[in-house]
Amino acid sequence: MSENTEYRPKARLPRGMRDRFAADVMARRRMLDTLCAVYESYGFDPLETSALEYADALGKFLPDQDRPMGGVFGVQDEDEWLALRYDLTAPLARLVAQNFDTLPKPFRRYQVGPVWRNEKPGPGRYREFYQVDADTVGASSMAADAELCAMLCDGLEALGIRRGDYRIRVNNRKILNGVLETIGIAGADAVEQRGRVLRAIDKLDRLGPDAVRALLGGGRMDESGDFTEGAGLSGGQADVVLAFTAAGQDDRGAVLGTLRNLVGASAEGLEGIAELEAIGELVDSGGYAADRIAFDPGVVRGLDYYTGPVFEGELTFEIRDEAGRPVRFGAVAGGGRYDGLVERFLGRKVPATGASIGVDRLAAALDALRSDAQVHAGPVVVLVLDRARLPDYQRMVAELRAAGVRAELYLGDSGMRAQLKYADKRNAPVAVIVGEDEFVQGTVTIKDLMLGAALSGAIQDREEWRRGQPAQQSVPRAALCEAVRAVLNPQPA
């Protein structure tokens, strides 16, 4: 590049990130408003924490620890490392420890916000995504875990997902530890190996049993050529682990019986089964049967900080992909008990449990479920045909807004035809047209753009269009707001 050449950066989005336009942002807002209302009905209060944390406060709990910085995005600040939060739970643990003496116990909060993970991006796998969490800190009772499972059910149903189209699947990490103990994977020397087993099982839904068997053994190379080191289990040990993951069924009592046989005399395993049984009794008392909350040992969750019950919210309905093949969205929520996370700061046990919903994945599922949903409506657009009358146009917009109508004044320099095209691109439901004749007559023209678009396909020629003046009416200037509201909210005949 010569000295006289102006440098122009390339307009590009970093891999694993994405931009969101109005329709997605507003759909997400509506979804979050619904979920937050459910959470508040359970007594949870909102909370916000910093996007940046000291890296040592976040800890190393991510499943993709072979990624740079252990899977987090970090930056050095003088002599210390800062990192973008990879979930909303680790910052909560820091906040609780920092304010432990002043917070009510149990402490109940929900939080909405973006998180960042330095993972390998792929289809549907982003490095930045939104979560909505709810956590109870300071409660050792399984009633706290059962409540979160019930609340996930209520939240999904409040969003319009029918019973039968979702299921909350519950397991307990202690049971898996008991199974691993029976096959000789136990003790301080097996911590890393146990972590590899957990991360392998967590990929069961995405990769299938054959790939997971490879990850339980010597390792696996994916389609891109990247190799993931395995857990080093023998074939017989892998058989026991896979039998454990396959023990789920609709009868919760039968699942508990199978798990008792698998854990044998392991004290930790039997403790996990007792906790799972307690959750079952509690959700039963609330009317949440196994068709909504099921026991499934295949759920382990990839984060290393879970210490007891773990759960996932799975969507079970099918949609068709671009090739017409049936696909499922799978898990859109997850969580579990993490009794050791606050202890890292305080040095004493502080029981805690939480649930997290992946907002973007759930929003995509809702879009697919509502394939007939209306296109996001933009604002009413007031066209500007006489710039000398700009204050009059501004007064119309102000009146519409005061009447509760979302409205904007056209601020460009184009003529009427281009302004109407602009209104179409904005998905405007209505255009307000006032030219010289209307000002003289004291009227406004209301153009119903939604009805006009629907009628345009049925009109055969230009003359028919001009004669009928479809979806367009002239009303007195004083009736502007009333006429626009009537178009936006038509009354049934």
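User: Which elements do the buried residues of helix 13 pack against?

Analyst: This is a predicted model, where local features need pLDDT of at least 70, side-chain atom pairs count only at pLDDT 80 or more, and totals for chains, interfaces and linings use all residues. Residues are numbered from 1 along each chain as its sequence is written, and side-chain values use heavy atoms, with hydrogens and water left out. Helices (H or I, at least four residues) and strands (E, at least two) are DSSP runs numbered from the N terminus, and contact means heavy atoms within 4.5 Å. The buried residues of helix 13 pack against helix 1, strand 6, helix 4, strand 11, strand 12 and strand 13.

User: Which residues of helix 13 are buried?

Analyst: Buried means under 20% relative accessible area, exposed over 50%, and partly exposed in between (1.4 Å probe, protein chains only). In helix 13, residues 359-369, the buried ones are Val359, Asp360, Leu362, Ala365 and Leu366.

User: How far apart in sequence are the parts tied together by Asp145 and Arg337?

Analyst: A salt bridge is a side-chain nitrogen of Lys or Arg within 4 Å of a carboxyl oxygen of Asp or Glu. Asp145 and Arg337 form one at 2.7 Å, N to O, and both residues are buried. Asp145 lies in helix 4 and Arg337 in strand 12, so the parts tied together are 192 residues apart.

User: Is Asp284, the partner of Arg252 in a salt bridge, buried or partly exposed?

Analyst: The side chains of Arg252 and Asp284 meet at 2.4 Å, N to O. Arg252 is buried, with a relative accessible area of 10%. At 46%, Asp284 is partly exposed.
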